[in-house]
Amino acid sequence: MTNANTDTLFADAIGRLDQAGKIAGLDPEVVELLKHPKAVMHISIPVRMDDGSLKVFEGYRVRHNNHRGPTKGGIRYHPNVSLDEVKALAFWMTCKCAVVGIPFGGGKGGVTVDPRDLSHMELERLSRGFIRQLADFIGPDVDIPAPDVYTNARIMGWMMDEYSKIKRQYSPAVITGKPIPLGGSLGRDDATGRGAYYCIKELEKRRGWDPTKITVAVQGFGNGGQNAVKLLHADGYKIVAVSDSRGGIYKPEGFDVPSLIQIKNQSRKLKAVYCDGSVCEAIQADSINNEQLLELDVDILIPAALENQITSANVSNIKAKVIVEVANGPTTPQADAALVKNGTLIVPDILANAGGVTVSYFEWVQNRQGFYWPVQEVQDRLEKIMRAELNAVYDLMELHKTDMRTAAYAHALKRIGEAVEAGGTQRYFSEAN
Ligand code: NAD
């Protein structure tokens, strides 16, 4: 989170429920249920630092709703992590799992820490300490964490190992996003970006786009952002601007994305590269800041960093015709309303970035089966789900003459509502009497 709006994130998130609930024909009891997280855990994690001192970190885990299955969601390490943020992220996970029809509810966790201030050993002690406190709150049939911002496969591996030691049994299905040798799934590394890419490919079909004429800017050049634009670039889309936490670069003719990724991952810096055949050399690109990137006149804007990037303060300057939300919650409700009024098509986070949790589900299935799939099978299954759900949401949007976010929530809420109603609502129990 990057602005002062932090304490309203959960309230803003559930603010979507009433309108989408009406479209989905949801029983009001279901809306009421979803306004409250099922369980909230607030822990402190004492960590012995390398210099011998003791530091205590605040951590959270929220299980929002489990009517459709065990709760599922990432663990974030970031200095701005708060309970409000984790509750909002857990709510989004409930909706996200339902949008793509996987049998999970929503959960999320976080530790208020800047991991860049920790040594590798301190990071391991923190991650294992987090799991020791949470061991009775999570589990393969209860709540299944995964990576999120500033957590990665190695951290998931430590966490799985710690949980397995506590339970005295090898338990790979307790956490997803693990390294491949520790039970991770092939295809999980690029699944979020790939899911967003399949969404864009369906829009391309529906809207008759010629990829070579479509310009794209991406804010946040990490896992989600990099993988989405890598695939788009390979199909001819022009990636004209990219940024990370330190700033961005802009080149109207488009970047050679594979070289950009290579340089970023080697030097941790963004530098422009010109490629002709196999000859690549560094060239000049304009430096831009993150504000300027968001306001570029491009066809597709991909926010892939953090929440609250498109707000009432900058929405009147946003020119992109399509926004694909790889990040969770990059658009505030006020900015969202203004964009929709303006005719901007927004593929909402709960659909656009659902590829990650979908392949996490595949990882959990493989762990439980003890039978591992080739990468092509993972990608084929992901593609089938993302394309089908994008089209279902798009059809719903057209049917109800609404925006895509409302349609995505309605689509998700219908599935959650069916699960809740299968257990009985007031109508059922009144009739039974
Ligand atoms: P990441 O840590 O790999 O990358 C984040 C990128 O954003 C980094 O390049 C960082 O430098 C950049 N960044 C940070 N602050 C920025 C700022 N103010 N302006 C511009 N760039 C900034 O994280 P990720 O896994 O790619 O996650 C990014 C977003 O996608 C998050 O909102 C996350 O919740 C969401 N998401 C990720 C996944 C996944 O599987 N990775 C799944 C669903 C949603």
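The legends below describe close-up views of a predicted model.

**View 1. Confidence along the chain of the predicted model.** The protein chain has a mean pLDDT of 93, and 95% of its residues reach 70 or more. Over residues 1-5, by contrast, the pLDDT is below 50, although this stretch has 18 contacts in the model beyond near neighbours in sequence.

**View 2. The hairpin formed by strands S1 and S2.** Strand S1 (residues 39-48) and strand S2 (residues 54-65) run antiparallel and are joined by 10 bridges. Within this pairing, Ser44 stands opposite Glu58 of S2. There are 5 residues between the two strands, and in the turn Gly52 has a positive phi of about 95 degrees.

**View 3. The open sheet of 7 strands.** The strands follow the order S11-S8-S7-S6-S12-S13-S14, and their pairing is mixed. Strand S11 (286-288) and strand S14 (345-347) stand at the edges with a single partner strand each, so one side of each has no neighbour in the sheet. On average, neighbouring strands of this sheet are turned by 20 degrees against each other when direction is ignored.

**View 4. The S13 and S14 pair, with helix H7 packed on the sheet.** Strand S13 (residues 322-324) pairs with S14 in the parallel sense over 3 bridges, and Ile323 has Ile346 in S14 as its bridge partner. Helix H7 (residues 191-207) packs on the sheet, where it touches strand S12 (300-303) as well as S13 and S14, and the direction of H7 makes about 145 degrees with that of S14.

**View 5. The second largest pocket and its lining.** This pocket has a volume of about 180 Å³, and the residues that line it include Asp12, Gly15, Arg16, Gln19, Pro333, Asp336, Asp403, Arg405 and Tyr409. Helix H2 (17-24), helix H11 (333-341) and helix H15 (404-422) are the elements that give two or more residues to the lining of the second largest pocket. By class, the lining of this pocket is made up of 4 nonpolar, 3 polar and 5 charged residues.

**View 6. The largest cavity.** The largest cavity has a volume of about 100 Å³, and of the 13 residues that line it, Arg16, Trp92, Gly329, Thr331 and Pro333 are the closest to its centre. Helix H1 (9-14) and H15 are the elements that give two or more residues to the lining of the largest cavity, with the largest share, 3 residues, coming from H1. Sorted by class, the lining of the largest cavity has 5 nonpolar, 4 polar and 4 charged residues.

Key
Residues are numbered from 1 along each chain as its sequence is written. This is a predicted model: local features need pLDDT of at least 70, side-chain atom pairs count only at pLDDT 80 or more; totals for chains, interfaces and linings use all residues. Side-chain values use heavy atoms; hydrogens and water are left out. Two strands pair if DSSP finds at least two bridges between them. Helices (H or I, at least four residues) and strands (E, at least two) are DSSP runs, numbered from the N terminus. On a 1 Å grid over the protein atoms alone, a cavity is a set of points where a 1.4 Å probe fits but cannot get out, and a pocket is an open set with protein on both sides within 12 Å along at least five of seven lines; lining residues have an atom within 4 Å of a point. Grid points are joined across faces, edges and corners, and a volume is the space filled by probe spheres set on the points. Ala, Val, Leu, Ile, Met, Phe, Trp, Tyr, Cys and Pro count as nonpolar, Asp, Glu, Lys and Arg as charged, and the others, Gly among them, as polar. Axes are lines fitted to C-alpha atoms, for helices over the stretch in contact, and angles run from 0 to 180 degrees between N-to-C directions. Contact means heavy atoms within 4.5 Å. pLDDT is the predictor's confidence in each residue, from 0 to 100.
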